[in-house]
Amino acid sequence: DLVHFHLDDYLDDVREQMLQTRYRSYPILDEHEHVVGTLSRYHLIRPKRKRVVLVDHNERGQSVPGIEQAEIVEIIDHHRLADIVTTGSPVYFRNEPVGSTATIIATMYQEKGLMPPTRLAGLMCAAIVSDTVMFKSPTCTERDQRMAERMARIANVSLDEMGYSIFSASSSEEKPARELVFSDFKEFQIAGQLIGIGQITCMDSDRVLKRLDDFLSVMRDSMKKKGYNMMLLMLTDVLREGTELICLGDDETIRQAFNVEVKDHHAFLAGVVSRKKQVVPMLSLLWG
């Protein structure tokens with residue numbers, strides 16, 4: 001019956017429980033139920049909040065658990081402005097219409113006259129290649145391509161080889177279905193509908209589609225637990241320049257939004273490679 005707290009407990013909940021008891025200090029336990037420290041009332045007078053920068057998102061639903069307890073000091077993003085997080089004071093907010101947030105970050109290095117380390121340049125290059133689907137996405141700009149080429153020169157890597165390695169690995173048959181579904185997954189609130197959309201970028205969507213039953217099983221389980229009105233999984237094929245869309249929910253919505261017939265919970269969307277610019281906007285338009 002010892003009153004204790006865990007590392008992932010919210011401060012508001014801790015404060016409320018401490019008000020109901022009169023102990024001097026309380027043990028703090030980790031995920032293994034081992035004591036890692038103690039907490040006293042003094043600590044709650046001026047709690048030290050984590051200072052975070054939101055990168056590649058600005059919506060509460062897409063951020064880490066407990067973001068409302070942190071101090072947001074900066075936001076760097078290239079997505080739509082929707083359910084934006086609330087900040088306690090003005091912050092530096094940089095949102096630009098480019099294909100990858102990594103392009104913005106690389107630009108910030110350039111503006112400061114700094115040269116990114118070789119490995120970091122390689123990571124930013126990989127991010128741009130991945131986000132723009134080898135520069136074939138409608139979100140891609142000339143600036144994305146120029147910055148990717150610059151980062152590739154600094155990292156001494158080949159863009160073509162990097163792209164092939166990324167998209168071959170992202171759909172590896174060795175990965176569990178759940179890991180693939182949620183490797184690049186986002187939630188959206190559209191006209192009162194809660195929708196989850198995952199995306200797997202690959203070089204051979206027909207091969208990945210052979211795991212359809214496994215994907216559907218994971219998606220059904222997630223819809224039940226999370227309460228999604230609809231759940232989509234995009235198998236975006238770099239070579240075919242389109243997306244095999246796996247869907248659970250209302251097939252009629254998919255038919256009307258993309259003018260395709262859904263058969264066995266999937267349909268091919270020619271020319272569709274972007275979740276942000278081609279899928280979400282069509283659903284938003286359809287649902288008003």
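## Basis of the description

In this report a residue is called buried when its relative accessible area is under 20%, exposed when that area is over 50%, and partly exposed in between, with a 1.4 Å probe and with protein chains only taken into account. The structure is a predicted model, in which local features need a pLDDT of at least 70 and side-chain atom pairs count only at pLDDT 80 or more, whereas totals for chains, interfaces and linings use all residues. Residues are numbered from 1 along each chain as its sequence is written, and side-chain values use heavy atoms, with hydrogens and water left out.

## Overall architecture

The protein contains 10 helices and 11 strands, where helices (H or I, at least four residues) and strands (E, at least two) are DSSP runs numbered from the N terminus. Its C-alpha trace spans about 65 × 50 × 40 Å along the principal axes, and 44% of its 288 residues count as buried. If a contact is taken as heavy atoms within 4.5 Å, then 55% of the contacts between residues at least 6 apart in sequence join residues at least 24 apart.

The accessible surface comes to about 16300 Å², and carbon and sulfur atoms account for 50% of that surface; such areas come from the Shrake-Rupley method with a 1.4 Å probe, and for residues only the protein chains shown count as cover. There are 35 positive and 42 negative side chains, with the centres of the two sets 6 Å apart. For this count Lys and Arg are positive and Asp and Glu negative, while His and the chain ends are not counted, and each charge is placed at NZ of Lys, CZ of Arg, CG of Asp or CD of Glu.

## Surface patches

Patches are built from residues with over 30% relative accessible area and no salt bridge, like charges being joined within 9 Å and nonpolar side chains (Val, Leu, Ile, Met, Phe, Trp, Tyr) within 5 Å. Leu-81, Ile-84 and Phe-93 make a nonpolar patch of about 240 Å². Phe-93 belongs to strand 6, which covers residues 92-95, and is partly exposed at 33% relative accessibility.

A negative patch is formed by Asp-8, Asp-9, Asp-13, Glu-16 and Glu-31. Of these residues, Asp-13 lies in helix 1 (residues 11-19) and is partly exposed, with a relative accessibility of 46%.

## Arg-94 and its surroundings

Arg-94 also lies in strand 6, but this residue is buried, at 11% relative accessibility. Beyond its neighbours within four places in sequence, Arg-94 is in contact with Ile-75, Ile-76, Asp-77, Ile-104, Thr-107, Met-108 and Glu-111. Arg-94 forms a salt bridge with Glu-96, in which the closest N and O atoms are 2.5 Å apart, and Glu-96 is itself buried, with a relative accessible area of 15%. A salt bridge here is a side-chain nitrogen of Lys or Arg within 4 Å of a carboxyl oxygen of Asp or Glu, and a search of the whole structure finds 14 of them.

Val-55, found in strand 4 (residues 51-55), is partly exposed at 37%. Leaving aside neighbours within four places in sequence, Val-55 is in contact with Ile-76, Thr-101 and Ile-105. The C-alpha atoms of Val-55 and Glu-96 are separated by 12 Å, the two residues being 41 apart along the chain.

## Arg-240 and the neighbouring loop

The side chains of Asp-206 and Arg-240 meet in a salt bridge with an N to O distance of 3.4 Å. Because Asp-206 lies in helix 7 (residues 205-209) and Arg-240 in the loop between strand 9 and strand 10, this pair ties together parts that are 34 residues apart in sequence. Asp-206 is partly exposed at 47% relative accessibility, as is Arg-240 at 38%. Arg-240 forms a salt bridge with Glu-244 as well, the closest N and O atoms being 3.8 Å apart, and Glu-244 is buried, with a relative accessible area of 6%. Elsewhere, salt bridges that share partners join Arg-94, Glu-96, Glu-111 and Arg-143 into one network.

Glu-241 lies in the loop between strand 9 (230-237) and strand 10 (242-248) and has a positive phi of about 50 degrees although it is not a glycine.
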